[in-house]
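Colleague: Could you take me through this model, one feature at a time? Please give the cut-offs as you go.

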Amino acid sequence: MSEDLCAHDAYLRTCDAVVQEVREDGVVLDRTVCYARGGGQPGDTGTLRWEGGSCRVGEVLRSRQDGVTLHPVAEGTPPPAGSAVTVEIDWDRRYTFMRTHTALHALSGIVYTDYGARVTGGNMELGSARMDFELDGISQDFGHEVEAKLNARLGEDRPVRVSFLPREEALADPDLIRTKVSLIPPTVDPIRVIDIEDIDKQADGGTHVRSTGEVGSVRVVKTESKGKANKRMRIELDG
Ligand SMILES: [Zn+2]
């Protein structure tokens with residue numbers, strides 16, 4: 001397994017690594033700064049450089065066979081197995097996903113706290129995202145109301161903390177129970193937790209900004225019904 005540096009520090013843009021294996025579907029490294037697609041967040045893209053060459057890396061993902069992190073070669077040829085490489089992520093793209101992801105967690109926290117509705121699904125694109133809630137109804141006015149609350153809370157510049165909780169402790173935490181921490185496979189221990197102070201706390205593998213002020217302001221651009229108890233909100237980052 002490769003060491004997953006972004007789980008501990010989302011602000012690392014580059015690292016040195018050694019090529020463990022070159023597979024048809026991607027390069028396996030002993031460590032990486034890249035986020036592998038998952039939890040609604042797309043994987044990073046970037047560049048590998050080594051003595052005598054470089055290649056572009058397409059969206060990083062986990063192997064379906066054994067879960068290892070794969071760096072697919074999008075342009076150029078892969079580095080030879082055993083070589084030392086420098087990994088660099090496309091930072092602007094990643095940072096936008098960090099802001100988007102933190103905005104989504106804040107949204108889910110506010111909708112739960114103020115309206116008692118849980119999240120039923122969600123997905124992120126670059127600078128925009130959608131989230132579905134088990135609300136009975138939804139309207140444009142509701143979207144505006146939530147948008148105002150969301151921006152007010154983000155503007156408080158609350159810290160976003162990453163921690164690793166022993167599984168037993170996580171399963172006993174009321175905030176984490178709400179977000180169905182019990183559904184995480186039993187082999188996952190400790191459990192990674194993202195805590196946006198006084199706004200939202202949930203088990204999560206994604207990358208986030210370190211304080212809500214970095215998200216900036218957010219617009220709720222669309223509200224729609226996707227069926228009974230499944231109401232969708234689409235948000236966009238301002239800039
Ligand atoms: Zn998340």
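What follows is a set of questions and answers on the model.

Modeller: This is a predicted model, in which local features need pLDDT of at least 70, side-chain atom pairs count only at pLDDT 80 or more, and totals for chains, interfaces and linings use all residues. Residues are numbered from 1 along each chain as its sequence is written, and side-chain values use heavy atoms, with hydrogens and water left out.

Colleague: Which residues coordinate the zinc ion?

Modeller: Donors are N, O and S atoms within 2.8 Å of the metal (3.2 Å for Na, K and Ca), and because water is not among the atoms, sites may look incomplete. The spacing of the donors along the chain is H-x3-H-x98-D. At 2.0 to 2.1 Å, the zinc ion is coordinated by H101 (NE2), H105 (NE2) and D204 (OD).

Colleague: In which helix do H101 and H105 lie?

Modeller: Helices (H or I, at least four residues) and strands (E, at least two) are DSSP runs, numbered from the N terminus. H101 and H105 are both buried, where buried means under 20% relative accessible area, exposed over 50% and partly exposed in between (1.4 Å probe, protein chains only). They are 4 residues apart, about one turn, in helix 1 (residues 91-115).

Colleague: What is the order of the 4 strands in the open sheet?

Modeller: Two strands pair if DSSP finds at least two bridges between them. Strand 16 and strand 17 (residues 231-237) run antiparallel and are joined by 7 bridges, with V218 opposite L237. The pairing in the sheet is antiparallel, and the order is 11-12-17-16. Its edge strands, each pairing on one side only, are strand 11 (119-125) and strand 16 (218-225).

Colleague: At what angle does helix 2 run to strand 16?

Modeller: Contact means heavy atoms within 4.5 Å. Axes are lines fitted to C-alpha atoms, for helices over the stretch in contact, and angles run from 0 to 180 degrees between N-to-C directions. Helix 1 lies across strand 11, strand 12 (128-133), strand 16 and strand 17, at about 25° to strand 12. Helix 2 (residues 140-154) lies across strand 16 and strand 17, and its angle to strand 16 is about 150°.

Colleague: How many aromatic pairs does the structure hold?

Modeller: Rings of Phe, Tyr and Trp (its six-membered ring) pair if their centres lie within 6.5 Å; planes under 30 degrees apart count as stacked, over 60 as edge-to-face and the rest as tilted. The number of aromatic pairs is 3. One of them is tilted, with 6.1 Å between centres and 45° between planes: Y11 and W91.

Colleague: Why is the pair of Y115 and F142 edge-to-face?

Modeller: F142 is buried, with a relative accessible area of 12%, whereas Y115 is partly exposed at 26%. The ring centres of Y115 and F142 are 4.7 Å apart, and the pair is edge-to-face because the planes stand at 65°.

Colleague: Which charged end sits over the ring of Y11?

Modeller: A charge sits over a ring if NZ of Lys or CZ of Arg is within 6 Å of the ring centre and within 35 degrees of the ring normal. Y11 counts as buried because its relative accessibility is 19%. At 3.6 Å from the ring centre, the charged end is that of R210.
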